[in-house]
Amino acid sequence: MSNYHIKNLEEYFQVYRRSVRNPENFWEEIAEEHFLWRKKWDNVLSWDFTKPEVKWFEGAQLNITENCIDRHLVTRGDKTAILFEPNNPNEDAEHITYKELYKRVNQFANVLKDKGIKKGDRVCIYLPMIPELAISLLACARIGAIHSVVFAGFSSTALATRINDSECKMVITSDGSYRGAKTIDLKSIVDEALEDCPTITDVLVVKRIHSDITLKEGRDVWLQPLLDKASTECTAEIMNAEDPLFILYTSGSTGKPKGMLHTTAGYMVYTAYTFKNVFQYRGNDVYWCTADIGWITGHSYIVYGPLANGATTVMFEGVPSYPDYSRFWQIVEKHKVNQFYTAPTAIRALAKEGLSHVESNDLSSLKILGTVGEPINEEAWHWYDDNIGKRKSPIVDTWWQTETGGIMITPIPYSTPTKPTYATLPFIGIQPALMDAEGNEVKGNQVEGRLCIKFPWPSMARTIWGNHQRYKDTYFSSFENKYFTGDGALRDEVGYYRITGRVDDVIIVSGHNLGTAPIEDAINEHPAVAESAIVGYPHDIKGNALYGYVILKDTGESRNQENLRIEINQIITEQIGPIAKLDKIQFTQGLPKTRSGKIMRRILRKIASNDISNLGDTSTLLNPEVVQGIIDQVLV
Ligand code: WT7
């Protein structure tokens, strides 16, 4: 019998040791006993981090939707699979059972097929948090199409870049979306994007807000009439273990977004196994992750991980502040949520609004609280623990990444003693290493370094779509034979990990990963801008906010600075989306640069954080005088 469900700390240590001593044997047992295979593998693992190449369960055949849906029909066909809570609290929640999900996924899959979508084709999904979003992922997986979900807060330019990079054939979108008291016209954003997307032949449109939109003849169609006509049976495409399942874009510190490619079998096994243990899911528990499916958290822990375990997973369309700041807690009470998984930025925003919003609701159903996306500060951790969990629901601080596919460092609740701000211990099978600047592993406890992983795990991304060299350069070239995460971390006296934050030019704002380069590129498109540099600085709610240093061209210097600030944020909103807007913009005469012409962001970060007492060594700068110029401006 394999250890699918870990129940105490002793068992964790024992299983962990086994997973590290003999990974092939361990993962083979988990895969064998808990999933549905059309054909078993010939080889559990082959890997070479120098190429890099990683293959799990090679030779196996399966379809992930048979694991997430079909196999539950006999045992729990009438159980709610997806519990949809609409934006408007007066609209009824929708309980989609496993049986209904089966039919709806098959109908959707048949519509895709009728439109000519085949195994290996890329389908872009740009939808709000409505059931069709989850269903469209599964429909693609049913027929072997590769889904590429783009978060519906991204702009038309960002959407077009992602569609073109992976040469999608189809877009699935809606007439619009609800977001609190606002409605957003998603279809126009798609129309604008598609002016530059030659590979798109079809657009399927979900009716959500019943707005008056135009459908482009020969390209756009309403989805519902097609679904109504489609058969509720669709044979699952038999996929090889390493066939692509999806592409999901994430920001890099330079260049365009990276299309991380995840494959089928390893991703399924790892997301299912982590979901079961990190959330200790049992019986008829109701599990709610507040993320958007447009991010990896939603892919792995709203859709695939929970459904592979036959769980009930809540999907919430709205925002925490609508109709007021008690909305999350009302939903917890209404649906008797047992596991609740959110981001530190949401916790901080809710904490600021005071306890009255919490106290009016019965939160006694909660058993486990989760956090993800950025380091959680001590104050937010305690607020969550005291007021939401009432000190009886353990907090799982889960560290992971789009690239890792699943949770990597986390407590196992009720087993691992938690410690505020610590993600604690590596999950089963995960072998972290801390590295020093010289590239040596820092052994022992009470040490700090760059966080790497030294052995493959089943759900790791296999490549960057269309650019394997970039995959190698970004993740496997900093430290020999290791996957480099881009994060710094420390290990305390008992071996617990604390993630200290990014060590590269990625900035995490409200839990969203933003690269500096694309934002700087957007700003530089403003006709009055000569050059710019973006850094993060601490922000009470967002964790980090963006601070832009902008050098104007001669022609721009006479312009009204307030107007320029507005225009710069407009360009960013158009090119990337409102999440990348700058909180502060400082117009400067110069930027501190090294002799090789690289911007010294370390100094800019300090100035932005109001920490100018110790700027470190500036002697290597090409232009040390600009630093004082920038500081003088701030001091006025
Ligand atoms: C980066 C990955 C995977 C979930 C959503 C974010 C940061 C993530 C934690 C945590 C401290 C965290 C890291 C990581 N991060 N979780 N529990 N504690 N930092 O996915 O957009 O790919 O971002 O988020 O810096 O590298 P992502």
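**Figure 1. Packing partners of helix H20 in the predicted model.** The buried residues of H20 pack against strand E29 (543-552), strand E30 (584-588) and helix H19 (601-608); contact means heavy atoms within 4.5 Å. Buried denotes under 20% relative accessible area, exposed over 50%, and partly exposed the range in between (1.4 Å probe, protein chains only). Helices (H or I, at least four residues) and strands (E, at least two) are DSSP runs, numbered from the N terminus. The model is predicted: local features need pLDDT of at least 70, side-chain atom pairs count only at pLDDT 80 or more, and totals for chains, interfaces and linings use all residues. Residues are numbered from 1 along each chain as its sequence is written, and side-chain values use heavy atoms, with hydrogens and water left out.

**Figure 2. The two faces of helix H20.** In H20 (residues 625-635), the buried residues are Val626, Val627, Ile630 and Ile631. These residues lie on the same side of H20 because they cover an arc of only 140° around the axis, the arc being that of the directions from the helix axis to the C-beta atoms. An α-helix has 3.6 residues a turn, so residues three or four places apart point the same way. Glu625 and Leu635 are exposed on the face turned away from the buried side of H20.

**Figure 3. The protein that surrounds these views.** The protein contains 20 helices and 30 strands. Its C-alpha trace spans about 75 × 65 × 55 Å along the principal axes. Of the 636 residues, 60% count as buried. Among contacts with a separation of 6 or more, 71% join residues 24 or more positions apart.
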